[in-house]
Amino acid sequence: TPFHFLCVSLLSLFLRGLKKVIVKIIGFNGFYKPIFLFRSIIISTFVLLISFPNRVNAQYELNRYLVTAAQNNPGVKSKFSAYMAGMEKVPQVGGLPDLSFAFGYFIQPVETRVGPQRAKLSIAQTFPWFGLLSSREDAATARAEGLYEAFEESKSKLYFEVKSAYFDLYFVEKSIDISRENIKILNTLLQLTLIKIESGSASIVDDYRVEMELNDIENQLVLLQDTKEEYTVRFNRLLNVSDSLNVFIPDSLWQESLILGKEALIDSIETNNHELKQIDHRIKAWEDNAYAADKAYSPNIQIGFDYTLVGKYDNPALTPEANGKDAMFARIGISIPLYGKKYKGLIRESTLQAEKEGYAKDDKLNKLNIVFEGAYKNYNDAVRRISLFQKQYSLASRSLDMLMEKYATDGRNFVEV
């Protein structure tokens, strides 16, 4: 920016004056090279420091967009709601069976020694075998944790889409800037061509060629502006905000180096990939399901209590305490699972499902390794291309200056220009 240029210029002038003072005091010019090196280091550091806030600000803006997307995107919200619904399954499968209550009325009273039985109240509670409910809870919890990993996976994919859309916008913005710069260069060349035509040292065909190229770039510029509008809408839709919201595009992107080596990155994928974690949770859920099926093939314990209402006799032989005394009865029982075929089938099904998920995990891991190898190759290629394009840009700029100067002098090399 002009401010940065002014700051660097002032710093350079100050260091030049400092060099002259030091050389004058010391008395020999051999100190020039160290001072020049020192001045170069200071200027480079200063340029880095004044450009660093822009890069930090760009990263901050992108991180802010990622947070907004995670909070607003309906797809991510849907996955989170699915996880919360899965967690509500845990108390459902881990609760005891409902308490049973019964009331009976004797249409024809049953005569007893202390009086006729009129009605009967019963209450009972069934308790599954030890470990059954906890294993069902473990299976439901594992399924819910798998849904949470699905939520994290959807969030990671959303982050990738947001970053890709952001970088696409940056690419289009820079393409627009380059097209405008090319239009300025072609306008300059057009003026130079007209001068050459008036002086008779160039053909009118050169003017037509410049105008054709200028028209083509202007058309590309309009297309790029339309593309920017399309990409802006796509980006804002990912954030679930207004389509007309302006997107902050930095002047330059930051570069990030890989901290981990290749093998460490592969290990990190195997450990942290959300799809692999989903499969791990599904395997655990099926294993817990098999354990629960085995426990379901065990007896259930039932504890109950009966209360019988007894009427009074008109019998003076009975004492008041005994006449019409209600009866109370406590009971305990077990349910015996005689037909175990369904439980054995459920155990075999759960075991095979867990085995299937294990194969699915191996397949997913192979596919992730293939994707990683391609991405790692593309990353290394991109790093090399950054250095290559910087060199090519420098060479192309100097070549253009030389060709423009040559064309302005003798009117030659128009096609190369």
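The following conversation goes through the predicted model of one protein chain, from its elements to single residues.

Reader: What kind of model is this, and how are its residues numbered?
Author: The model is predicted, so local features need pLDDT of at least 70 and side-chain atom pairs count only at pLDDT 80 or more, while totals for chains, interfaces and linings use all residues. Residues are numbered from 1 along each chain as its sequence is written, and side-chain values use heavy atoms, with hydrogens and water left out.

Reader: How many helices and strands are there?
Author: The chain has nine helices and four strands. Helices (H or I, at least four residues) and strands (E, at least two) are DSSP runs, numbered from the N terminus. Read from the N terminus, the order of elements is α-α-α-α-β-β-α-α-α-α-β-β-α.

Reader: And what share of the residues is buried?
Author: Of the 417 residues of the chain, 30% count as buried. Buried means under 20% relative accessible area, exposed means over 50%, and partly exposed lies in between, with a 1.4 Å probe and protein chains only.

Reader: Let us turn to the strands. In which order do they lie in the sheet?
Author: The four strands form an open sheet in the order β1-β2-β3-β4, with antiparallel pairing. Two strands pair if DSSP finds at least two bridges between them. The edge strands, each pairing on one side only, are β1 (100-112) and β4 (327-335).

Reader: By how much are neighbouring strands turned against each other?
Author: On average the angle is 20 degrees, direction ignored. For such angles, axes are lines fitted to C-alpha atoms, for helices over the stretch in contact, and the values run from 0 to 180 degrees between N-to-C directions.

Reader: How many bridges join β2 to β3?
Author: Strand β2 (residues 115-127) and strand β3 (residues 300-310) run antiparallel and are joined by 10 bridges. Gln-117 has Val-310 in β3 as its bridge partner, and Phe-127 has Ile-301 in β3.

Reader: Now the helices. How far does α3 reach?
Author: Helix α3 (residues 74-87) has 14 residues and reaches 20 Å from its first C-alpha to its last, close to the 20 Å expected. The expected span is 1.5 Å times one less than the number of residues.

Reader: Which residues of α3 are buried?
Author: Val-76, Tyr-83 and Gly-86 are buried in α3. They lie on the same side of α3 because they cover an arc of only 80 degrees around the axis. The arc is that of the directions from the helix axis to the C-beta atoms.

Reader: Which helix does Asn-273 cap?
Author: Asn-273 caps the N-terminal end of α8, where a side-chain oxygen lies 3.0 Å from the backbone nitrogen of Glu-275. The side chain of Asn-273 also reaches the backbone nitrogen of Leu-276 at 3.0 Å. A polar contact is a pair of N or O atoms within 3.5 Å; within protein, one must be able to donate a hydrogen and the other to accept it, and residues adjacent in sequence count only if both atoms are side-chain atoms.

Reader: Is Asn-273 buried or exposed?
Author: Asn-273 is buried, with a relative accessible area of 17%. Its place is in the loop between α7 and α8.

Reader: Which residues touch the most other members of the largest nonpolar core?
Author: In this core of 19 residues, they are Val-162, Tyr-166, Phe-235, Leu-239 and Val-247. A nonpolar core is a set of buried Ala, Val, Leu, Ile, Met, Phe, Trp, Tyr and Cys residues joined through side-chain atoms within 4.5 Å. Two or more residues each come from α2 (32-72), α5 (132-199) and α6 (204-239), and the largest share, seven residues, comes from α5.

Reader: What is the phi of Asn-240 near?
Author: Phi of Asn-240 is near 60 degrees, a positive value in a residue other than glycine. Asn-240 lies in the loop between α6 and α7 (262-272) and is partly exposed, with a relative accessible area of 44%.
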